[in-house]
Amino acid sequence: MKVVHEAEVDRDPAQVTRLWAASESFVLAPTRAGSGRSWLTHAIALVPESHGQRHFGLLTSGSAGDPKLVIGSRARAEALAEVIHERQDNDPARQTICLLPLSYSYAFVNQWVWSHRFGRRFVTTAGFSDPAGTRAALEAARDAMVCMVGAQVPLLLQLFPTATFPGVVRLHFAGARFPQERLEDLARAFPNAKVFNNYGCAEAMPRLTIRGAWEAPAAQDVGKALPGISVRARDDVLQFRSVYSATLVVENGVAHAIPGEEWIPTGDLGQVAADGTVLLTGRASEVYKRFGEKISLPQVQTAVQGVWKGHAALYRTTDEMGEGAHVLVLAPAPDDKELKGILALLRASFARPHWPLRIESVGTLPLLPNGKPDLRRLADTARRSTVHWAQRY
Amino acid sequence: MNENREKLRSLLTDVLLLGDGEFRFDLKRTDVDAWDSLAVVSIAVGVEETFQYHMSAEEAAAVQGVADLMKILEGQAIRF
């Protein structure tokens, strides 16, 4: 199984086309794979021979934030691209502009596979790490389809407050909360674009539901399952079955084949209405996405506890932009040296989305009868807590 | 240190989570892993709040270090 890193694809975008045409399966790895190459080598060794041809692999984060290799079938991905094309009425789009890392299953299937299947132009950019290049690509767009994550909207509006991109005819969102409350801003910036919300997960490779922005008033309404896909809720945990799903997942040193009849957890909490509409109610367990990155609160807490010997707990909140965030609470209060030690650890160990919005302290952590922190009470208590550090901007 | 230098030091120390002694006025973007694309936006927002100057996207992306930032602000008659 061949491994290709995004940086190589950036230098030679046609490489993906050659990989897709060749029989040998391949893995498209992020340039900054947190997992490291040795982890990937080990994971690939666990992939059975049956997946050695006509498949592709992408890296994502597991439920506890650990790396996970997800393998999909190229034929399934192309079939899903056809369903997405139909549901999003993508036919008028003659090109797609990629503002996300190509190793995201969303960008890879919704954009690259789609462009390949329908013979449309695929335009690469460095996303918002190169605002001028991205703006130029959007301004040069002619009948373009663009995929974004909701967290990019504030960046877009901050960087290009008065710009309009009339050449974008389809604008899709996935990967985080749908920016329902920014639709007016988006309509101004993309006056000719039909906007769609996409919901799914890496194991779905990646799409489960799609809805037009105009079809529902609330972000948590993610629409109905696509043809060939079923979604249900069990104990408020969303599960799916899909004829397009990934075929194999390698996680925690184990390769797990996904049979077609298996119900697979999406990692989200939600409900399915009688008419099939899927309503998200939150993230399962303590893993959620911030700026498109999967955040594992246990992973952050474990790292913090490596340098902080007192009690620590994390609770979920939202930032000023409505994006999910988390707050670190310590007990008792840290001194200046301890606080600096925690900040140094955060910077050294995690990318910015993993940093807490604030570091607070309380005299004593409120606990549940089972001894775990009572996060609901903690969030309430936190209003009376001491703030030691906060992200200022 | 004059007031503006201290404001800039404080802003970058906060955004980049710099520790004691890590901030330098010759610090470059390549010196700090945390100076990523989100930090570019955070710095632009911080500059606007701190110095009341709205950096363009091109200016923000072109900043390769503290010296570039100071040069942009000096162009707005902010003295360091």
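# Notebook: two-chain predicted model

I take helices (H or I, at least four residues) and strands (E, at least two) as DSSP runs numbered from the N terminus, and I call two strands paired if DSSP finds at least two bridges between them. A:Val287 sits opposite A:Ser296 in S19(A). Two residues separate S18(A) from S19(A) in this hairpin, and A:Phe291 in the turn has a positive phi of about 50°.

**Ground rules.** The model is predicted, and I note that local features need pLDDT of at least 70 and side-chain atom pairs count only at pLDDT 80 or more, while totals for chains, interfaces and linings use all residues. Residues are numbered from 1 along each chain as its sequence is written, and chains are lettered from A and ligands numbered from 1 in the order in which they are written.

A:Ile229 faces A:Ser242 in S13(A). This hairpin also has two residues between its strands S12(A) and S13(A), and A:Asp235 in the turn shows a positive phi of about 55°. S13(A) has a further antiparallel partner in strand S16 (residues 264–272) of chain A, with three bridges. There, A:Gln239 has A:Pro265 as its bridge partner.

**Four-stranded sheet, chain A.** I traced an open sheet with the order S20-S21-S22-S23 and mixed pairing. Its edge strands are S20 (311–318) and S23 (386–390) of chain A, each of which pairs on one side only. On average, neighbouring strands are turned by 25° against each other, direction ignored. For such angles I use axes that are lines fitted to C-alpha atoms, for helices over the stretch in contact, and the angles run from 0 to 180 degrees between N-to-C directions. Strand S21 (residues 324–331) and strand S22 (residues 358–361) of chain A run parallel and share four bridges. A:Leu328 has A:Ile359 in S22(A) as its bridge partner. Helix H9 (residues 297–305) of chain A lies across S20 and S21 of chain A, at about 145° to S20(A).

**Helix pair H4 and H5, chain A.** Helix H4 (residues 74–87) and helix H5 (residues 105–118) of chain A pack at about 95° with axes 9 Å apart. H4(A) and H5(A) are therefore roughly perpendicular (angles under 35 degrees count as roughly parallel, over 145 as roughly antiparallel, 65 to 115 as roughly perpendicular and the rest as oblique). The contact includes A:Leu80, A:Ile84 and A:His85 of H4(A) and A:Val113, A:Trp114 and A:Phe118 of H5(A); residues are in contact if their C-beta atoms, placed from the backbone, lie within 7 Å. By class I have eight nonpolar, two polar and three charged residues in the contact of H4(A) with H5(A). Ala, Val, Leu, Ile, Met, Phe, Trp, Tyr, Cys and Pro count as nonpolar, Asp, Glu, Lys and Arg as charged, and the others, Gly among them, as polar.

**Chain B.** I found four helices and zero strands in chain B, in the pattern α-α-α-α along the sequence. Helix H1 (residues 3–16) and helix H2 (residues 37–51) of chain B pack at about 150°, their axes 10 Å apart. Among the residues making this contact are B:Leu11 and B:Val15 of H1(B), with B:Ile43 and B:Gly46 of H2(B). The contact of H1(B) with H2(B) has five nonpolar, three polar and one charged residues.

**Where the chains meet.** Each side of the contact was listed: 19 residues from chain A and 19 residues from chain B. On the chain A side, H6 (131–139), H7 (152–159) and H10 (336–349) each supply at least two residues. H10(A) gives the largest share, five residues. The chain A side divides into eleven nonpolar, two polar and six charged residues.

**Totals.** Chain A has eleven helices and 23 strands. I read 43% of its 393 residues as buried, against 29% of the 80 residues in chain B. A residue is buried if 20 or more other C-beta atoms, placed from the backbone, lie within 10 Å of its own, exposed if 12 or fewer, and partly exposed in between.

Notes
Contact = placed C-beta atoms within 7 Å.
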